[in-house]
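Trainee: I'd like to learn how to read a model like this one feature at a time. Could you walk me through it?

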Amino acid sequence: MNTQATPSPQFYLTAPAACPYLPGEMERKVFTHLVGQRATEMNDLLTQGGFRRSQNIAYRPACEGCRACVSVRILANEFVPNRTMRKLIAANADLVGTMLPAQPSTEQFALFRRYLDDRHPRGGMSDMSALDYAIMVEDTHVNTRLIEYRKRVPGAGLGDQPKGELVAVALTDLMSDGLSMVYSFFNPKLDRRSLGTFMILDHIARTHQMGLPHVYLGYWVRGSAKMHYKTRYQPQEHLTPRGWERYSEADDSEG
């Protein structure tokens, strides 16, 4: 009988760096590598424990004296879109979302560059090359997929592979309890479609159809304008020192 213990993941701490969300604050992260046969299992456990994935790294904030970054997950089986969301879904009824293997394409990268150059021209990803994009997509040891959103070609059958214009892409991890949205981007000129919101709504619908409970949205930071949108999707849970707890927008005014 093999009694050799399964190797435990090794965790590391980054050096302090400027916080991208709170001016004047410094951030540190604890991280580990997601490799080997247990990578998918570890990704599930760590995501449920507040970690996020970037390529083959799982990380979470480990800042001294600050707990502003809060992990958020939507309760997909209880979610009911409001009137504005229903109108948005109807406005994008001509889009087809197709889940594909995590394989990059030149078409995806062209859209990715348009998105970065318009929305994040001075962000940390602004100088990413085609190779960098390919690594972001392919460097994964877990169950990762790309969801491409394309305009439906008139006359195409429901079973046909969509060949219309690519307008949005989501890099998504399939987990035992739902979907984790790792990164998404879209055509920045299609403001009226609110494609970022639409992709979240689509992930909620997909998770519900799969019979799974959660859509993981990453971190929310109270007081950060760029993070406020994450609290629109109710009901949702936030990871607290006591575990996952249901959150309401009324809680945002406390403290």
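Trainee: Let's start with contacts. Which residues does Cys19 touch, not counting those up to four places away in sequence?

Mentor: This is a predicted model, so read each contact as part of a prediction. Cys19 touches Glu25, Met26 and Glu27. As for its place, Cys19 sits in the loop between β2 (17-18) and β3 (26-27).

Trainee: Is Cys19 buried or exposed?

Mentor: Look at the relative accessible area: buried means under 20%. Cys19 has 16%, so it counts as buried.

Trainee: And how far apart in space are Cys19 and Met42?

Mentor: Check the separation in sequence along with the one in space. Those two are 23 residues apart in sequence, and their C-alpha atoms are 27 Å apart.

Trainee: Now backbone angles. Which residues other than glycine have a positive phi?

Mentor: Two to look at are Gln55, with phi near 55 degrees, and Ser194, at about 45 degrees. Gln55 is in the loop between β5 (52-54) and β6 (57-61), while Ser194 is in the loop between β11 (178-186) and α5 (195-209).

Trainee: How do I read their accessibility?

Mentor: Partly exposed is the range between buried, under 20%, and exposed, over 50%. Gln55 has a relative accessible area of 27%, so it is partly exposed. Ser194 is at 33% and therefore counts as partly exposed too.

Trainee: Where is there a cis peptide bond?

Mentor: Omega is the angle to check. From Gln234 to Pro235 it is near 0 degrees, and the bond is cis. Pro235 lies in the loop between β12 (214-221) and β13 (236-240).

Trainee: Zooming out, how many helices and strands are there?

Mentor: Five helices and 14 strands. For the fold as a whole, look at contacts between residues at least 6 apart in sequence: 66% of them join residues at least 24 apart.

Trainee: How far should I trust the coordinates?

Mentor: Go by the pLDDT. The average is 91, and 92% of the residues score at least 70. Where pLDDT is low, the predicted coordinates should not be read in detail.

Conventions:
Residues are numbered from 1 along each chain as its sequence is written. This is a predicted model: local features need pLDDT of at least 70, side-chain atom pairs count only at pLDDT 80 or more; totals for chains, interfaces and linings use all residues. Side-chain values use heavy atoms; hydrogens and water are left out. Helices (H or I, at least four residues) and strands (E, at least two) are DSSP runs, numbered from the N terminus. Contact means heavy atoms within 4.5 Å. pLDDT is the predictor's confidence in each residue, from 0 to 100. Buried means under 20% relative accessible area, exposed over 50%, partly exposed in between (1.4 Å probe, protein chains only).
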